[in-house]
Amino acid sequence: MDSLDEFDIKIIKELEKEGRMAFSTIAANLKISNTMVHQRVNRLTEQGIISGIKPLINEKKMGYDWASFTGITLNKDSDSERIIEALKQIPEITECYYVTGSFTLYIKIIAKNHEHMRNVLYEKIDRISGIAKTDSIVELGCAFKRNIVL
């Protein structure tokens, strides 16, 4: 994979401001051709550096007032792929990571209220065969969230 040059970085920064910004607007802002922007965005997408332009949903505005970060311990780590596939079927789980330490997986769960959170944990996650235990930390709010600074 090629490294990013100054134009790649500038184009990405423009898209971070507004993901739906027209390539012609980016080109005008950066004083480069529309074709150059189009080719660079295509290349960055093909390389997997840009994985898509999609809306950032404000979960709170959608009625999801609760969130937790939950560590999952498995009976056997070799079952992780099967368990991850089962976790993908639970729409309230928005993120899942492999981690080191006491847990095998770390997930983020969003819920509308504490009853909903309990239902997700006890009726959905705990019923997945191979999960030994879960340990949750309730989120009190996001201080900030960002992409890596280029």
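Residues are numbered from 1 along each chain as its sequence is written, and side-chain values use heavy atoms, with hydrogens and water left out. Because the model is predicted, local features need pLDDT of at least 70 and side-chain atom pairs count only at pLDDT 80 or more, while totals for chains, interfaces and linings use all residues.

The pocket comes first. Rolling a probe the size of a water molecule over the atoms shows where empty space is left. The search ran on a 1 Å grid over the protein atoms alone. A pocket is an open set of points where a 1.4 Å probe fits, with protein on both sides within 12 Å along at least five of seven lines. Grid points are joined across faces, edges and corners, and a volume is the space filled by probe spheres set on the points. The largest pocket holds about 1,600 Å³ of space. Its lining consists of 34 residues, where a lining residue has an atom within 4 Å of a point. Lys54, Pro55, Leu56, Lys145 and Asn147 lie nearest the centre of the pocket. Helices (H or I, at least four residues) and strands (E, at least two) are DSSP runs, numbered from the N terminus. By residue type, the lining of the largest pocket has 16 nonpolar, seven polar and eleven charged members. Here Ala, Val, Leu, Ile, Met, Phe, Trp, Tyr, Cys and Pro count as nonpolar, Asp, Glu, Lys and Arg as charged, and the others, Gly among them, as polar.

Salt bridges follow. A salt bridge is a side-chain nitrogen of Lys or Arg within 4 Å of a carboxyl oxygen of Asp or Glu. By this rule the model has twelve salt bridges. One of them joins aspartate 8 to arginine 40, at 3.0 Å from N to O. This pair links distant parts of the chain. Aspartate 8 belongs to helix H1 and arginine 40 to helix H3 (residues 34-46), 32 residues apart. Burial is judged by relative accessible area: buried means under 20%, exposed over 50%, and partly exposed in between (1.4 Å probe, protein chains only). Aspartate 8 is buried because its relative accessibility is 0%. Arginine 40 has a relative accessible area of 15%, so arginine 40 is buried too.

Aspartate 8 also meets arginine 43 in a salt bridge, with N and O 2.7 Å apart. Aspartate 8 is in helix H1 and arginine 43 in helix H3, so this pair ties together parts that are 35 residues apart in sequence. Arginine 43 counts as partly exposed because its relative accessibility is 24%.

A salt bridge elsewhere joins glutamate 92 and lysine 124, whose closest N and O atoms are 3.1 Å apart. Glutamate 92 sits in the loop between helix H4 (80-88) and E2, and lysine 124 in helix H5 (residues 114-125), so the pair ties together parts 32 residues apart in sequence. Glutamate 92 is buried at 8% relative accessible area. Lysine 124 is partly exposed at 29%. Salt bridges that share partners also join Asp5, Asp8, Arg40 and Arg43 into one network.

Valine 138 lies in strand E4 (residues 131-138). Its relative accessible area is 46%, so valine 138 is partly exposed.

Several single residues complete the account. Lysine 31 is not a glycine, yet has a positive phi of about 60 degrees. Lysine 31 stands in the loop between helix H2 (23-30) and H3, and is exposed at 74%. Leucine 30 belongs to helix H2 and is buried at 18%. Leucine 30 and phenylalanine 7 are 23 residues apart in sequence, with their C-alpha atoms 8.3 Å apart in space. In helix H3, valine 41 is buried at 9%. Glutamate 46 is in helix H3 and is exposed at 72%.
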